[in-house]
Amino acid sequence: MPDKQLRDQNRIRELIDEALQNDRVEVFYQPFFNVAESRFNVCEALVRIRTEDGEIVPPGRFIPVAEEGGQIIPLGIRVFEKVCAFIARGETRHVLTGMIDILRKLNMNIVAEGIETEEQMKVISELGVEFIQGFYFSRPIPEDEFLDFLKANNR
């Protein structure tokens, strides 16, 4: 690999690390038009990173480097966190449906955190999320009480 290409890849790796550390990972949403329903009801969440001076790094420059260097998982986790926060601010469950579909295609287990109400539990369950965590079920439990909790709540 030529020196310039190696330097460019190293700089992109640094940009990704800096974006993760300094909350410069952003999510852009690409709407999908449902022809049968004649409306937009699903979207794809797309990762973008922003440089210190505010420029967007084209995904074609950083995604291959992230995949090769093992940074794609932390980027994906950050995107998922941001999408969940976006949904929590009152957006529709269609965004969540799209994210769940993407994660399933990646053969990833899905964990919904922060579930506090019966309505949230119902929506997440209907979407087929495998693991759910939150105060709806239990607050964090000290070690000496954890096994008793499992015995009392598992059938």
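A residue counts as buried when its relative accessible area is under 20%, as exposed when that area is over 50%, and as partly exposed in between. Keep that in mind for arginine 24 in this predicted model: with a relative accessibility of 13%, arginine 24 falls under the 20% cut-off and therefore counts as buried.

**Around arginine 24**

So where does arginine 24 sit? Its place is the loop between H1 and strand E1 (25-34). The side chain of arginine 24 reaches over to the backbone oxygen of arginine 50, at 2.8 Å. Leaving aside residues up to four places away in sequence, arginine 24 touches Glu18, Ala19, Arg48, Ile49, Arg50, Thr51 and Glu52.

Aspartate 23 lies in that loop between H1 and E1 too. Its backbone is worth a look: aspartate 23 has a positive phi of about 55 degrees, although it is not a glycine.

Then there's isoleucine 56, in strand E3. Setting aside residues up to four places away in sequence, isoleucine 56 touches Glu26, Phe28, Arg48, Ile49 and Arg50. Arg48, Ile49 and Arg50 also turn up among the residues that arginine 24 touches.

**Helix H2 and its partners**

How do H1 and H2 lie relative to each other? The axes of H1 (residues 3-21) and H2 (residues 59-69) come within 9 Å and cross at roughly 90 degrees, so the two helices are roughly perpendicular. On the H1 side, the contact is made by Gln9, Ile12, Arg13 and Ile16, and on the H2 side by Arg61, Phe62, Val65, Ala66, Glu68 and Gly69. Sorted by type, the residues of this contact are five nonpolar, two polar and three charged.

Which residues of H2 are buried? They are Phe62, Val65 and Ala66. Viewed down the axis of H2, these buried residues fall within an arc of 105 degrees, so they line one face of the helix. They pack against H1, strand E2 (39-50), strand E3 (56-57) and helix H3 (72-88). After H2 comes glycine 70, with a positive phi near 80 degrees.

**Accessibility, side by side**

Here are a few residues from elsewhere in the chain, along with isoleucine 56.

| Residue | Relative accessible area | Class |
|---|---|---|
| Glycine 54 | 30% | partly exposed |
| Isoleucine 56 | 32% | partly exposed |
| Asparagine 153 | 46% | partly exposed |
| Asparagine 107 | 72% | exposed |

Glycine 54 is in the loop between E2 and E3. Glycine 54 and phenylalanine 86 are 32 residues apart in sequence, and C-alpha to C-alpha they are 21 Å apart in space. Asparagine 153 belongs to helix H6 (residues 143-153); from asparagine 153 to phenylalanine 137 it's 16 residues in sequence and 9.7 Å in space, again C-alpha to C-alpha.

Asparagine 107 is found in the loop between helix H4 (93-105) and strand E4 (111-112). Its phi is near 55 degrees, a positive value in a residue other than glycine.

Conventions. Residues numbered from 1 in each chain as written. Predicted model: local features only at pLDDT ≥ 70, side-chain atom pairs only at ≥ 80, totals over all residues. Heavy atoms only, no water. Axes fitted to C-alpha atoms, helices over the stretch in contact; angles between N-to-C directions. Helix = DSSP H or I, 4+ residues; strand = E, 2+ residues; numbered from the N terminus. Parallel < 35°, antiparallel > 145°, perpendicular 65-115°, else oblique. Contact = heavy atoms within 4.5 Å. Nonpolar A, V, L, I, M, F, W, Y, C, P; charged D, E, K, R; others polar. Buried < 20%, exposed > 50% of the residue type's maximum accessible area, 1.4 Å probe, protein only. Polar contact = N/O pair within 3.5 Å; in protein donor to acceptor, adjacent residues only side chain to side chain. Arc of directions from axis to C-beta.
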